[in-house]
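Here are my notes for someone opening this one for the first time. Have the sequence and the 3D view side by side as you read.

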Amino acid sequence: MTETPIYDTGIPWTDGYNMAVLGKTQTGKTSICRELQATSPRVSVWLNEAGIDRVDDVPGYTVQSIDGLREAFANNEFAIEWVSHDRQRDILELQKFLFGVADRADRELMMQVIVDEVQDVAPQDATSEDMEAVKTVRRFCKRGVKRNIKFVAITQDPTAYDKQALRQSEYRLIFDMANENRKSSVLRKMGFDWDAVDATPDRYTGVLHDDSGTVLDEDVKAEARFA
Ligand SMILES: Nc1ncnc2c1ncn2[C@@H]1O[C@H](COP(=O)(O)OP(=O)(O)O)[C@@H](O)[C@H]1O
Ligand SMILES: [Mg+2]
């Protein structure tokens, strides 16, 4: 009998492997992730921006600091929105805290992190000031899975997101995209089925691929209440 790792439920939406959500603007990327945040059996933390760039209507209990996050965990909140004035700083706090929780829980607690506009947190063309955050996102993507932490990265600009982190996504949910992105070397190598993406009935329907390029689901669309 093969042993299934605890993070592997066999279901892309609930298992512990990472997911990248890619597509041009206004295609429903954020909406499907609201649904994921609300319905995942994982303890899910959405690292949101503060101010005008804050994503609206993120489901869950709102916190504004690492202390707030600790309290939310102590109160067994399942969906948490961390509203951050500095995501590049706070992602490191988040990573240290969640890895600590995972170690204390013997990795049996299922967790998830969602980061929208992830290219702002971990840019491909990183300056030295960005490097700490880039390394943190890579750490989440490379070492989170073993700790039963799923990292969900959303971006409308996949070539601007750190390549090393992007490559660590087992699942890739692909919405419509401009040709220059489709043809970029990093995306070409990922081998998406563009015919399937173009065949969806509307712009809000995405195609879920695994990291071999195999299509797992051609009909991924947020429920209206999350859009
Ligand atoms: N499944 C859906 N059905 C209908 N409208 C949708 C759906 N998903 C998204 N939308 C609408 O499309 C717009 C963009 O959605 P959003 O999730 O913010 O896209 P993105 O994050 O890709 O820019 C919103 O106004 C939203 O209400
Ligand atoms: Mg969005």
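1. Start with Leu173, whose bridge partner in strand E8 is Leu208. Strands (E, at least two residues) and helices (H or I, at least four) are DSSP runs, numbered from the N terminus. Two strands count as paired if DSSP finds at least two bridges between them.

2. A word on what you're looking at: this is a predicted model, where local features need pLDDT of at least 70 and side-chain atom pairs count only at pLDDT 80 or more, while totals for chains, interfaces and linings use all residues. Residues are numbered from 1 along each chain as its sequence is written, and chains are lettered from A and ligands numbered from 1 in the order in which they are written.

3. Back to E7. Side chains in a regular strand alternate between the two faces of the sheet. Here Tyr171 and Leu173 point one way, Arg172 and Ile174 the other, and all are buried. Buried means 20 or more other C-beta atoms within 10 Å of the residue's own; 12 or fewer is exposed, in between is partly exposed, and C-beta atoms are placed from the backbone.

4. What does E7 pair with on its parallel side? That is strand E1 (residues 19-22), over 4 bridges, with Val21 standing opposite Leu173. E1 is also joined to strand E6 (residues 149-155) by 4 bridges, running parallel; there, Ala20 has Ala153 as its bridge partner.

5. In E8, 4 of the 5 residues are buried. Val207 sits opposite Ile174, and Leu208 also faces Asp217 in strand E9. E8 and E9 (residues 215-220) pair in the antiparallel sense over 3 bridges. Their hairpin has 4 residues between the strands, and Gly213 takes a positive phi near 95° in it.

6. Zoom out, and you get an open sheet of 9 strands with mixed pairing, in the order E3-E4-E2-E5-E6-E1-E7-E8-E9. Strand E3 (61-63) and E9 stand at the edges with a single partner strand each, so one side of each has no neighbour in the sheet. On average, neighbouring strands are turned by 20° against each other, direction ignored. Axes here are lines fitted to C-alpha atoms, for helices over the stretch in contact, and angles run from 0 to 180 degrees between N-to-C directions.

7. Which residues come nearest to ligand 1? Of the 13 around it, they are Gly28, Lys29, Thr30, Ser31 and Ala227. A residue is near a molecule if its C-beta atom, placed from the backbone, lies within 6 Å of it.

8. Is Glu117 buried or exposed? It counts as buried because it has 20 C-beta neighbours inside 10 Å. Leaving out residues up to four places away in sequence, Glu117 touches Ile154 and Thr155; contact means C-beta atoms, placed from the backbone, within 7 Å.

How values were computed. Two residues are in contact if their C-beta atoms, placed from the backbone, lie within 7 Å.
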